[in-house]
Amino acid sequence: MKRKQIAQLIAVLVGAAGAGAAQASAFQLLEQNGAGIGNAFAGSGAVAEDASTAYFNPAAMTMMAQPSQLTFGVDLVKPTAKFKDNGSTPPRFISASNVGGNGGDAGSVQPVPSTHITAALNDKMSLGLSIGAPFGLVTEYESNWMGRFHAVKSDLKTININPSFAYRFNKMVSVGVGASYQHFEAELTQAVNFGALGYSGVCASSGLATCNALAAGGAFTNKEGTSQVKGESDDWGWNVGIALQPSDSTRVGLSYRSAIKHRLTGDVTFSRPSFAVPGLDPAIAAQTPNGPVQVDIKLPDTWIMSAFQQINEQWSLQGDISWTGWSSLKTLDIYRTSNTSVPLSSTYENWKDTWRVAIGGAYQMNSALKLRAGLAYDQSPVEDDYRTPRLPDNDRTWLSLGLNYRLTPTISLDAGYTHIFIKATTINDSGYHADYNPGGINTSNPISRGTLKGDYDGGVDILGMQVNWAF
C-alpha cells in the first residue's frame with residue numbers, strides 16, 4: 001500500500017516546482033522549504049525534521065523521526081533594488097530630455113515553490129525526491145531609465161529534479177547520494193544606442209566630415225532600440241552527504257552539491273529605429289541581425305556543514321557553515337552560434353567564492369507549537385568594481401522568525417518570515433574593464449552606453465509557508 005501511495009505522489013510532484021527571485025547571495029536560492037525561512041536555514045543538513053532533508057543532506061533521511069513524508073512549500077520573495085543617481089554620464093547622442101530617471105524598484109514579488117518526498121524502505125534505507133529552484137533571478141527596471149543601455153530586464157529560472165538514496169550503516173553513521181536533472185532558462189533585455197552605431201558606420205564608409213555633419217543635424221540623436229536574448233539548457237549534476245549522530249540529542253551533517261555546466265542556446269532579437277540617412281537602415285540591420293546565440297554558464301558547487309543539538313525537551317540549537325564556488329562565473333559572454341571566436345556581448349563579472357554562516361534556535365512551547373528564530377551572514381560574490389545593474393548585489397544579514405504547528409500526529413504546518421538587510425551598495429559601471437575586453441568589443445561602451453554611477457537602496461522580505469504529511 002505504501003509503495004502505491006508513493007507512486008501516485010511522484011506523479012503529482014513533478015509539476016509542482018518553479019523559479020523565482022533569488023535571495024541567497026547572487027542568484028542562488030536557499031528557499032527550498034518554508035520551514036527554513038523561520039531560522040535562516042540554520043542546521044539545514046542536520047535538523048532532519050521534514051522531507052526537505054532530502055535536498056539539503058540526503059544522508060539524514062534515515063535519521064528523521066518520521067522518515068516517510070511529503071512536504072510542499074512556497075516562499076514569497078520581495079526584493080527591493082532602488083537606484084539613486086550620483087554622477088552618471090549619459091551615452092553619446094542621447095539628449096538631456098531623454099536620459100531617463102532612476103528606474104523605479106527593480107524587484108518584485110516572486111513565488112518560489114518546492115516539493116519533497118522521503119520514503120523509508122526499511123530502518124536502514126530511504127529514498128527521496130526533491131523538486132525546486134536552486135537558482136533564480138528577476139530584476140526589471142522602467143524601460144526608459146538612465147541605465148537602460150546596461151540592463152532593463154534580467155530573468156533567470158531553474159527547475160531541479162533531484163532523486164536521492166540514503167543508507168544507514170549503524171546508529172551513528174548514514175550516507176546519501178543523489179542526481180539532479182536541471183532545466184535553466186534566461187532572458188536578458190536592454191536598450192541599444194543605434195545612434196552611436198550609425199555614427200560609427202557612416203564615419204567608416206563616408207568619412208569623419210560627413211558623419212560629423214549628420215551628427216550636427218541630429219541624424220543620430222535619440223536613435224535607440226532594444227535587444228532581447230533568450231536561451232535555455234538542460235544538464236545534470238549530483239550531490240552526496242554524510243550524517244553523524246553520536247547521541248540521541250546531537251546530529252552533524254556534511255553535504256556537497258556539484259557544479260552544473262550549462263550551454264544555453266536560443267536567439268537574439270533586435271528592434272531598430274529608422275534613420276533619414278540613405279543606406280544606413282539596411283547597413284545597421286546587416287550588422288545586428290536576429291539569430292541564434294549561445295552562452296556557457298557554470299552554476300557553482302556548494303558545501304554545507306550543519307549541526308543540531310537538542311538541549312532539553314524544549315530547547316534546541318542549529319548551525320550552518322556553507323561555501324559556494326561562485327568564482328566559476330568570471331564572465332558572461334554571449335556568442336552567435338555562427339561565430340564563437342568573438343562574443344556578441346561580454347560582461348566581466350569576476351565573482352569570488354563566498355561563505356555563509358547561520359545560527360538558529362527552536363523552542364517547543366507545547367505538544368503542538370514550536371517557535372523558531374535565526375540569524376545569518378551571507379557574503380556576496382560581487383565586488384564593488386564589477387557590480388552591474390542586472391545584479392546590484394552586496395553582503396547580507398538575515399533575521400528570521402517562524403513556527404511549526406502540529407495539527408495531527410501526521411500533519412503539520414510551518415510558517416516563517418525573514419528580513420534580509422543588504423549592505424550599502426554603490427555602482428560605477430561603464431561596461432568596460434581593461435583587464436577583460438575580448439576582441440575590443442567593449443572599448444566604446446562608456447560612449448555608447450554611458451556610465452551608470454550611484455547608490456542602491458536594497459533589502460529583501462520573505463514569507464515562507466509549508467505543509468508536511470507523514471505517511
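**Figure 1. A40 lies in the loop between α1 (2-13) and α2.** The close-up views show a predicted model, in which local features need pLDDT of at least 70, side-chain atom pairs count only at pLDDT 80 or more, and totals for chains, interfaces and linings use all residues. Residues are numbered from 1 along each chain as its sequence is written, and side-chain values use heavy atoms, with hydrogens and water left out. Helices (H or I, at least four residues) and strands (E, at least two) are DSSP runs numbered from the N terminus. A40, which is not glycine, has a positive phi near 60°. A48 is also placed in the loop between α1 and α2, and its phi is positive as well, at about 55°, although A48 is not a glycine. Most residues other than glycine have a negative phi. Because its relative accessible area is 0%, A40 is buried (under 20%; exposed is over 50% and partly exposed in between, with a 1.4 Å probe and protein chains only). A48 is buried too, with a relative accessible area of 7%.

**Figure 2. Q69 is shown in strand β1 (residues 69-85).** Q69 counts as buried because its relative accessibility is 3%. Its side chain reaches the backbone oxygen of E49 at 3.0 Å. Setting aside residues up to four places away in sequence, Q69 touches E49, D50, A51, M64, H116, I117, T118, N468, W469, A470 and F471 (contact means heavy atoms within 4.5 Å).

**Figure 3. L452 is shown in strand β20 (residues 452-470).** With a relative accessibility of 1%, L452 counts as buried. Apart from neighbours within four places in sequence, the residues in contact with L452 are F83, S88, W145, M146, G147, H150, P389, I427, N428 and D429. L452 and M63 are separated by 389 residues in sequence and by 52 Å in space, C-alpha to C-alpha.

**Figure 4. Helix α3 (residues 194-206) packs with helix α4 (residues 208-216).** Their axes are 7 Å apart, at an angle of about 145° (axes are lines fitted to C-alpha atoms over the stretch in contact, and angles run from 0 to 180 degrees between N-to-C directions). From α3, residues Y199, V202, C203 and S206 meet L208, T210, C211, N212, L214 and A215 of α4. Seven residues of this contact are nonpolar, three are polar and none is charged.

**Figure 5. The second largest pocket has a volume of about 590 Å³.** A pocket is an open set of points on a 1 Å grid with protein on both sides within 12 Å along at least five of seven lines, a cavity is a set where a 1.4 Å probe fits but cannot get out, and lining residues have an atom within 4 Å of a point. Of the 30 residues lining the second largest pocket, A48, E49, A65, K370 and R406 lie nearest its centre. Elements giving two or more residues to this lining are β11 (302-310), β15 (354-364), β16 (369-378), β17 (396-406), β18 (411-422) and β20.

**Figure 6. The largest cavity has a volume of about 400 Å³.** The count comes to three cavities of 30 Å³ or more. The lining of the largest cavity has 34 residues, with Q28, Y55, R257, T302 and I304 nearest its centre. Two or more residues of the lining come from each of α2 (53-56), β6 (173-193), β7 (224-247), β8 (250-257), β11, β12 (315-324) and β15.

How values were computed:
Polar contact = N/O pair within 3.5 Å; in protein donor to acceptor, adjacent residues only side chain to side chain. Nonpolar A, V, L, I, M, F, W, Y, C, P; charged D, E, K, R; others polar. Points joined across faces, edges and corners; volume = space filled by probe spheres on them.
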